[in-house]
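Subject: Handover of a structure

Dear colleague,

Please find the structure below, followed by an account of what was found in it. I would be grateful if you would read the two side by side.

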Amino acid sequence: VYANEAFMQLFGYVDEEIFSIKPSDFYADNKRREEIINKLLTTGFIDNEEVLFRKRDGTLFWALMSLIVQKDSEGNM
């Protein structure tokens, strides 16, 4: 839906093409992505979780991820 300039630069993208990438393609390890999603759905947040990501050119890099679940007035994520 939205990616700021810093996010796009971090992953090696320069324009809207980032929106055509599957979210799973940003992760170096799909099992790790599943762990993060499960933790997020269970606890409602992720705080400074260390994750190995993949840039557009295939280069891997470590980053800290923090997320919080947002729900609408009907309780939908």
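**Salt bridges**

E17 and R56 are joined through their side chains by a salt bridge, with 3.3 Å from N to O; the term stands for a side-chain nitrogen of Lys or Arg within 4 Å of a carboxyl oxygen of Asp or Glu. The pair connects distant parts of the chain, since E17 sits in the loop between helix 1 and helix 2 and R56 in the loop between strand 1 and strand 2, 39 residues apart. E17 counts as partly exposed because its relative accessibility is 29%, and R56 is also partly exposed, at 47%. Here buried means under 20% relative accessible area, exposed means over 50%, and partly exposed lies in between (1.4 Å probe, protein chains only).

This is a predicted model, in which local features need pLDDT of at least 70 and side-chain atom pairs count only at pLDDT 80 or more, while totals for chains, interfaces and linings use all residues. Residues are numbered from 1 along each chain as its sequence is written, and side-chain values use heavy atoms, with hydrogens and water left out.

The search of the whole structure finds four salt bridges. E49 forms one with R32, where the closest N and O atoms are 2.8 Å apart. E49 lies in strand 1 and R32 in helix 2, so this pair ties together parts that are 17 residues apart in sequence. E49 also forms a salt bridge with K39, at 2.9 Å between the closest N and O atoms. K39 belongs to helix 2, so its pairing with E49 of strand 1 ties together parts 10 residues apart in sequence. E49 is buried, with a relative accessible area of 15%, whereas K39 is partly exposed at 38%. R32, E35, K39 and E49 are linked in a network of salt bridges.

**Overall arrangement**

The protein chain has two helices and two strands, and from the N terminus on its elements run α-α-β-β. Helices (H or I, at least four residues) and strands (E, at least two) are DSSP runs, numbered from the N terminus. The C-alpha atoms fill a box of roughly 40 × 25 × 20 Å, taken along the principal axes. Of the 77 residues in the protein chain, 23% are buried.

**The largest pocket**

The largest pocket holds about 840 Å³ of space. A pocket is an open set of points on a 1 Å grid over the protein atoms alone, where a 1.4 Å probe fits, with protein on both sides within 12 Å along at least five of seven lines; lining residues have an atom within 4 Å of a point. The volume is the space filled by probe spheres set on the points, which are joined across faces, edges and corners.

Its lining comprises 22 residues, and F7, P23, Y27, M65 and L67 lie nearest the centre. Helix 1 (5–11), helix 2 (30–43) and strand 2 each supply at least two residues of this lining, and the largest share, five residues, comes from strand 2.

**A residue of note**

Phi of N48 is near 50°, a positive value in a residue other than glycine. Most residues other than glycine have a negative phi. N48 is found in strand 1 (residues 45–54) and counts as partly exposed, at 48% relative accessibility.

Yours sincerely
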